[in-house]
Amino acid sequence: MTAARLIGTVCGVGYLRPAPGTWGSLAALPLVWVLHALGGFPLLAIATVAVFIGGLWATRVMTAGAEDHDPSEIVIDEVAGQFIALWAISYPSWAHGIEITALWPGWVAGFLLFRLFDITKPGPVGWADRRNDAMGVMLDDVIAGILAGIGVLILAGISHGVLGL
């Protein structure tokens with residue numbers, strides 16, 4: 001297996017069926033926990049940038065000359081997007097000294113919202129996906145991750161009464 005295929009498929013996770021994107025998102029969860037445990041939010045943020053850059057390269061290599069700009073086995077984009085969605089729990093956990101596993105509702109919401117936005121591709125997510133290039137493959141999941149993170153923050157605000165509800 002080439003380096004690009006290893007990165008793009010997240011060590012073969014992208015070959016799992018059904019729903020390889022969901023498997024890729026699930027694979028990101030323990031990675032977030034390990035990264036957060038080792039270095040808190042700063043390490044997760046650095047790793048997210050590295051995953052994005054590596055994923056962009058791997059996607060370009062894997063799709064060079066192919067008609068399909070976004071083959072289902074490429075799931076590194078889901079990892080990048082899921083990382084971003086979980087910034088919404090990693091940062092508060094790190095900043096306030098809260099054990100990240102104690103924020104388990106945020107893990108569930110971040111996963112479900114990310115999958116919802118990645119699958120339905122609303123607004124800017126769909127725009128990025130329609131680019132039909134490697135940047136679009138990565139960018140649609142980044143945007144879905146941002147939307148999911150915002151959703152997690154809103155749900156946390158509602159749950160904790162921060163929004164006055």
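## First stop: a loop residue

Select Asp70: leaving out residues up to four places away in sequence, it touches Asp77, Asp129 and Val137, where contact means heavy atoms within 4.5 Å. Before you go on, note that this is a predicted model, in which local features need pLDDT of at least 70 and side-chain atom pairs count only at pLDDT 80 or more, while totals for chains, interfaces and linings use all residues. Residues are numbered from 1 along each chain as its sequence is written, and side-chain values use heavy atoms, with hydrogens and water left out.

Asp70 sits in the loop between α2 and α3; helices here are DSSP runs (H or I, at least four residues), numbered from the N terminus. Its relative accessible area is 23%, so Asp70 is partly exposed. For that scale, buried means under 20% relative accessible area, exposed over 50%, and partly exposed in between, with a 1.4 Å probe and protein chains only. Now draw a C-alpha to C-alpha distance from Asp70 to Leu112: the two are 42 residues apart in sequence and 22 Å apart in space.

## Second stop: helix α3

Next, select α3, residues 76-85. How many of its residues are buried? The count is 10 of the 10, so α3 is largely enclosed by the rest of the structure. The buried set holds Ile76, Asp77, Glu78, Val79, Ala80, Gly81, Gln82, Phe83, Ile84 and Ala85. Show the other helices as well, and you will see these residues packing against α1 (3-8), α2, α4, α5 and α7.

Stay in α3 and pick Gln82. Gln82 counts as buried because its relative accessibility is 0%. Its contacts, leaving aside neighbours within four places in sequence, are Ser25, Ala28, Leu29, Gly110, Phe111 and Phe114.

Which residues have the most contacts inside the largest nonpolar core? Select Ile76, Val79, Phe83 and Trp107 to see them; the core has 39 residues. A nonpolar core is a set of buried Ala, Val, Leu, Ile, Met, Phe, Trp, Tyr and Cys residues joined through side-chain atoms within 4.5 Å. Colour the helices that each supply at least two residues of this core: α2 (20-63), α3 (76-85), α4 (87-96), α5 (104-120), α6 (123-129) and α7 (134-159). With 10 residues, α2 gives the most to this core.

Zoom in on Trp107. Beyond its neighbours within four places in sequence, Trp107 is in contact with Leu29, Val32, Trp33, Leu86, Ile89, Ile100 and Thr101.

To see the contact, select His36, Gly40, Phe41, Pro42, Leu44, Ala45 and Thr48 of α2, together with Trp87, Ser90, Tyr91, Ser93 and Trp94 of α4. These residues divide into seven nonpolar, five polar and no charged. In this grouping, Ala, Val, Leu, Ile, Met, Phe, Trp, Tyr, Cys and Pro count as nonpolar, Asp, Glu, Lys and Arg as charged, and the others, Gly among them, as polar.

Pick out Ser90 in helix α4. Ser90 is buried, with a relative accessible area of 0%. Leaving aside neighbours within four places in sequence, Ser90 is in contact with His36, Gly40, Phe41, Leu44 and Ile100.

## Last stop: backbone details

Most residues other than glycine have a negative phi, and most peptide bonds are trans. Go to the loop between α1 and α2 and select Pro18: the peptide bond from Arg17 to Pro18 is cis, with omega near -5°. Cys11 is also placed in the loop between α1 and α2; Cys11 is not a glycine, yet has a positive phi of about 60°. Cys11 is exposed, with a relative accessible area of 63%.

Finish at Asn132, in the loop between α6 and α7. Asn132 has a positive phi of about 60° although it is not a glycine, and counts as partly exposed at 48% relative accessibility.
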